[in-house]
Amino acid sequence: MVDVLQNLQEFRKEKKKTKLIEEAKLEQAVEPFDNYLTKNKSSDGKEWDFLTKAEPVPEDYEEGSVVSTRIAIVVYIIVQALAAWVQFGCVFFILSLILFTYWNTGRRRRGEMSAYSVFNENCERLAGSMTAEHFERDMLRQRR
C-alpha cells in the first residue's frame, strides 16, 4: 500500500512539473505577440477593435421575428397533425421541406458576392476558394 502511495505522489510531482513546463512554453509563445501589440499599437486604439465588436445586425432584422417564428412553428405543427389525420402527412411534410428550403435560400445584398462563382459577375471567385486547378496542382505536386 505504501508503494502505491509513493508512486502516486511521484506521478503527481511529474505531472505538476510537466504542467509548469507547458505553461512556461505557452508564455514564451505569447510574449512575441504581446510585444508586437504594444509596439505596433495605433494612436487611436482602433486597430484591434474588430476582435471585440459583434457583427452588425442585418438590415432586414425585425424585433418581433421571435414571436412570429414561434407562432409559425405552432401553426405548422397543427397543420401537420391535421394532414396526418387525413392521411396526407408524408406528402405535406415533404412539400413543406421543399418550401422551407426555397424560402430560406439566401438573398444577397447589392455588391455582395455569391459563394458559387458562376453566379458572380465575370464568374469571379471568392478570395481563398479552392479550385480544380489548385487541387490538380497539389495532387500532382507540381511547382507553384
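**Note on side-chain contacts**

1. A salt bridge joins the side chains of Lys 17 and Glu 14, at 3.9 Å from N to O; the term requires a side-chain nitrogen of Lys or Arg within 4 Å of a carboxyl oxygen of Asp or Glu. Both residues lie in helix α1 (residues 2-39), three residues apart, about one turn of the helix. Helices are DSSP runs (H or I, at least four residues), numbered from the N terminus.

2. The model is predicted: local features need pLDDT of at least 70 and side-chain atom pairs pLDDT 80 or more, whereas totals for chains, interfaces and linings use all residues. Residues are numbered from 1 along each chain as its sequence is written, and side-chain values use heavy atoms, without hydrogens or water.

3. The structure holds three salt bridges. Among them, Arg 125 meets Glu 133 at 3.5 Å, N to O, and Arg 137 meets Asp 138 at 3.4 Å, N to O.

4. Glu 133 counts as exposed at 51% relative accessibility. After α4 comes Arg 141, whose phi is positive, near 55 degrees.

5. UniProt, in an unreviewed entry, places a "transmembrane region" at residues 73-103; positions follow the numbering used here, feature names are shortened, and annotations may be inferred rather than shown by experiment. The span is 90% helix and 0% strand, and its end C-alpha atoms lie 15 Å apart.

Notes. Helix = DSSP H or I, 4+ residues; strand = E, 2+ residues; numbered from the N terminus. Buried < 20%, exposed > 50% of the residue type's maximum accessible area, 1.4 Å probe, protein only.
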